[in-house]
Amino acid sequence: MQTQKKPSYLSADHTIGSWLLTQDHKRIAIMYLVAVTLFFLIGSILALLIRLELLTPAGDLLQSESYNRVFTGHGVVMVFLFLIPGIPAVFGNFLVPIMIGARDMAFPKINLASFYVFLAGGVMILSAIVFGGLDTGWTFYTPYSSSYATGRVTIGALGAFTVGFSSIMTGLNFLVTIHKMRAPGLTWFRLPLFIWAHYATALIMVLGTPVVAIAIVMVALEHLFGFGFFDPTKGGDPVLFQHLFWFYSHPAVYIMILPAMGVISELIACFSRKRIFGYKLVAFSSLGIAIIGFLIWGHHMFVSGQSAYAGLVFSLITYIVAIPSAVKAFNWTATLYRSSVSWKTPMMYVIGFMGLFAIGGLTGLFCANLAVDVHIHDTYFIVAHFHYIMVGGTIMGYLGALHFWWPKMTGRMYSEAWARLSAIFVFFGFNLTFFPQFLLGYLGMPRRYHFYPEEFQFLNIMSTAGASLLGLGYLFPIFYLMWSLKKGEQAPANPWTAKGLEWETTSPPPTTNFDKTPVVTEEAYAYEK
Amino acid sequence: MILFGFNLLPAQASTAALSVDLVYLYIVAVTVFFTALIYGLVMFFSIKYRRRSESERPKPIEGNHLLEIIWIAVPLVIVLTMFAAGTIVYFYIFHPPKDGIQMYGVGKQWMWKFQHPDGRREINDLHVPMGTPVKITLTSEDVIHSFYVPAFRVKTDVVPGRYVQTWFEATKPGEYHLFCAEYCGTEHSRMIGKVIVMKPEDYAKWLSGQDVSSTGPKLSMVERGAKIFQDMRCATCHAPGTAAGLGPKLEGIYGHDVALEGGQTVKVDDGYLRESILLPTKRIVKGYQPLMPTYQGQISEEDVLSVVAYVKSLTPQAAPADAVAGGTPSDAAATAGTAKD
């Protein structure tokens, strides 16, 4: 340990036990990476089945019951097992301590526990899907889920509940770590924006998740024991569930997108060699989104029978929350002005993100509009909108992060040419998949439809064609990244000449992250030096 | 609207459709402008300022408060205009007009059942006249469904346990899709039907046609309600025209506030009447005992709708089942809709 060649966190110990029982945030991050990648593959296969089925208006590939289980499985797996944990649990876990110059998270054991709780929840959800199926949609709307659904609602819902606790543990760890463990000299306004974004995300995880946990327990009690919270024949109110569900699940959208925004800030600064234009405004816009995000859940319910005046208030606040997101987009764009842009793979994901996120964010303005939403609610317009945010935003951010920090995490470089090719496939495949769905939605095609009228077929064929391209774009990285582990060039400590504490330690870092605690003397993104 | 052979807008067949589309097109214009602006600038900067040598170190720019204020204020003003436009149109869609035809609908897994005021019933089809507001009171027998007619830009969730009201005024004859838009189980995508918009004279002809529903003699909603009221022995406690019995008098009660046990008051509307039949002890009128048994499971949602229509038709002066017997459909509509005879 005292020699020059200190072992990295990867080579410190090779036993299986040293992985499974590790309290090292970096190893936990790698375990999360493996787990969420598997879940992502499962979710993608289900997506492929949906797109194949929708090639024709007649439901000829699957039975209606199976189709409903497939789209429910796709939604539940992608939302709870990939999008929510994705960036925070993998890159947040790996980077938050290193970026602030700490040796580990504040609570390493809770961190490890969060992984196993996550895994347990994932296994419960998958077993519900495999043994009996879930057919409620990922939204679990009552009274269908509580009194009518035929599948394994209880185990599936409790899986989502369990995964929620893993989120709470991760969020708690981030909050305490960021508050208490910053290196000397690392003041709040010297923090990378990735940290600000994760701080805001952690707030939502800790404050919002318990509410959905309560809602899920209520559904399970009703399903198992016939409680009457949501059952109108017992005087309950089915719409109450929607309030409880969206009170968490709308902020959860920001759990999915805020970390990606943090990633984009890091990548733009590095690949344009520029400070983020208006750092403070970008930092505060993350907090603004997290706070206002708690006040807009009712925009999912404009046609649910809630009062028109409630709808009015929710519409107004929803329009307000568009502003901090717009601010980020403008500030990122301005950052590129008179910069030095390097078109490396991570930057290609940034450029893709900017276009897709612009469309995803701006189409939110349609959904926030009371009159237009009456027409597009529960149609493919909504499906297209949230995929532009979730896939176009979050997954582009996730892939950008993966390509940016891969050398740091593994110590290896990947093939730049293959990586760029896959980024191009993802961008065009994505647009071809989801843009036609905006048109389908405004024409009136409802979502979750197994059979559909013939006039919608052409656009559905386009969408399926795009999905195959997108699928290829997702498959490539699995191969060239695995290849890089064996054959890739050794990565230097700082392959991108990036700023930030994570680039001052070796690639991959030692178990303790730094040989001695770093002292920070400058702001984030001091790229001019 | 057709572009490159693509239909971009669905048929506009109601008075609301054009206004919704105008708001939509306004937001489309803003979206296209800002997407082009942001993406255009990102591409332009990324190409123009591409890295030409590894040693390049561009000058730092901290930020610019004026610019930031501009790109907070301008989008804010734009989104507020969207909000205003959407809200105005929404309140038009949300508030049914006073006149028009009152229809009734029940959603169940996986079909739509409709009743015309004259008692005619349809499944998955709904015939309506153009040029007249059509109001529909809807409820569900099981899970949440959603009544969606894209050509009318109208959608409302049909929630079990409550009545929801929607309305439209069709402007073009034709057949239009009716979809269930809220996922409701296995055959969700088969819960579709059509709305058939007819010229008023065709609609009148259709109404007077011979294809009486298969469920027996044609009775209007109110007549059917009166019959159920008799059959279920409701009059034992709620006899019309007599002094108060074991239960509250029903004549003239509709639309008024009544005091409840426990000090609250409630306005007697369709929802409260329905609740009083199915969950009678939930909100008891002041001065009465919680004696009434529930009728849950004994009468269908359609029958409840008929009884509600009957109770609404009761006024202190008249025994209304006679008043509408043999009446024309439009009389029945007026009776059911406005509780006047």
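# Exercises on a predicted two-chain model

Buried residues account for 40% of the 341 residues in chain B. The model is predicted. Each exercise below has a worked solution.

## Exercise 1. Chain B in outline

Task: State how many helices and strands chain B has, and what share of its contacts joins residues at least 24 apart.

Solution. 
- Step 1. Chain B has nine helices and 14 strands.
- Step 2. Take the contacts in chain B between residues at least 6 apart in sequence; 67% of these join residues at least 24 apart.

## Exercise 2. The side of chain A that touches chain B

Task: Find how many residues of each chain are in contact, then describe the side of chain A that touches chain B by helix and by class.

Solution. 
- Step 1. The contact involves 73 residues of chain A and 76 residues of chain B.
- Step 2. Several helices of chain A supply at least two residues each to this side, among them α3 (64-83), α9 (238-272), α10 (279-292), α12 (345-368) and α15 (416-443).
- Step 3. α11(A) gives the most, with 13 residues.
- Step 4. Sorted by class, the side of chain A that touches chain B holds 45 nonpolar, 20 polar and eight charged residues.

## Exercise 3. Two helix pairs around α8(A)

Task: Classify the packing of α8(A) with α9(A) and of α4(A) with α8(A).

Solution for α8(A) and α9(A).
- Step 1. Helix α8 spans residues 193-225 of chain A, and its axis lies 8 Å from that of α9(A).
- Step 2. The packing angle is about 160°. Angles over 145 degrees count as roughly antiparallel, so α8(A) is roughly antiparallel to α9(A).
- Step 3. The crossing of this pair, α8(A) and α9(A), is left-handed.
- Step 4. The contact of α8(A) with α9(A) has 25 nonpolar, seven polar and one charged residues.

Solution for α4(A) and α8(A).
- Step 1. Helix α4 covers residues 86-99 of chain A; its axis and that of α8(A) come within 10 Å.
- Step 2. They cross at roughly 125°. α4(A) and α8(A) are therefore oblique to each other.
- Step 3. The crossing of α4(A) and α8(A) is left-handed.
- Step 4. On the α4(A) side the contact uses A:Pro88, A:Gly92, A:Leu95, A:Val96 and A:Met99. They meet A:Phe194, A:Ile195, A:His198 and A:Thr201 in α8(A).
- Step 5. By class, the contact of α4(A) with α8(A) has six nonpolar, three polar and no charged residues.

## Exercise 4. The largest nonpolar core

Task: Identify the residues with the most contacts inside the largest nonpolar core, and the helix that supplies its largest share.

Solution. 
- Step 1. The largest nonpolar core has 266 residues.
- Step 2. A:Ile125 and A:Val350 have the most contacts inside it.
- Step 3. α9(A) supplies the largest share of this core, with 23 residues.
- Step 4. Leave out residues up to four places away in sequence; A:Ile125 then touches A:Val76, A:Val77, A:Phe80, A:Leu81, A:Gly156, A:Gly159 and A:Ala160.

## Exercise 5. A glycine in α12(A)

Task: Decide whether A:Gly352 is buried or exposed, and list what it touches.

Solution. 
- Step 1. A:Gly352 is found in helix α12 of chain A.
- Step 2. A residue counts as buried if 20 or more other C-beta atoms lie within 10 Å of its own. A:Gly352 has 23, so it is buried.
- Step 3. Not counting residues up to four places away in sequence, A:Gly352 touches A:Met396, A:Ala423, A:Val426 and A:Phe427.
- Step 4. A:Gly397 is 45 residues from A:Gly352 in sequence, and their C-alpha atoms are 9.4 Å apart in space.

## Exercise 6. Cis peptide bonds and positive phi

Task: Locate the cis peptide bonds at A:Pro143 and A:Pro508.

Solution. 
- Step 1. A:Thr142 and A:Pro143 are joined by a cis peptide bond with omega about -5°. A:Pro143 sits in the loop between α5 (108-130) and α6 of chain A.
- Step 2. A:Ser507 and A:Pro508 are also joined by a cis peptide bond, with omega about -10°. A:Pro508 lies in the segment after α16 (457-487) of chain A.

Solution. 
- Step 1. A:Asp378 is not a glycine, yet its phi is positive, about 60°.
- Step 2. A:Thr497 has a positive phi near 45°.

Note on methods: Residues numbered from 1 in each chain as written. Chains lettered and ligands numbered in written order. Predicted model: local features only at pLDDT ≥ 70, side-chain atom pairs only at ≥ 80, totals over all residues. Helix = DSSP H or I, 4+ residues; strand = E, 2+ residues; numbered from the N terminus. Buried ≥ 20, exposed ≤ 12 C-beta atoms within 10 Å, placed from the backbone. Contact = placed C-beta atoms within 7 Å. Nonpolar A, V, L, I, M, F, W, Y, C, P; charged D, E, K, R; others polar. Axes fitted to C-alpha atoms, helices over the stretch in contact; angles between N-to-C directions. Parallel < 35°, antiparallel > 145°, perpendicular 65-115°, else oblique. Left-handed = near helix turned anticlockwise from the far one by under 90°. Core = buried A, V, L, I, M, F, W, Y, C linked by C-beta atoms within 7 Å.
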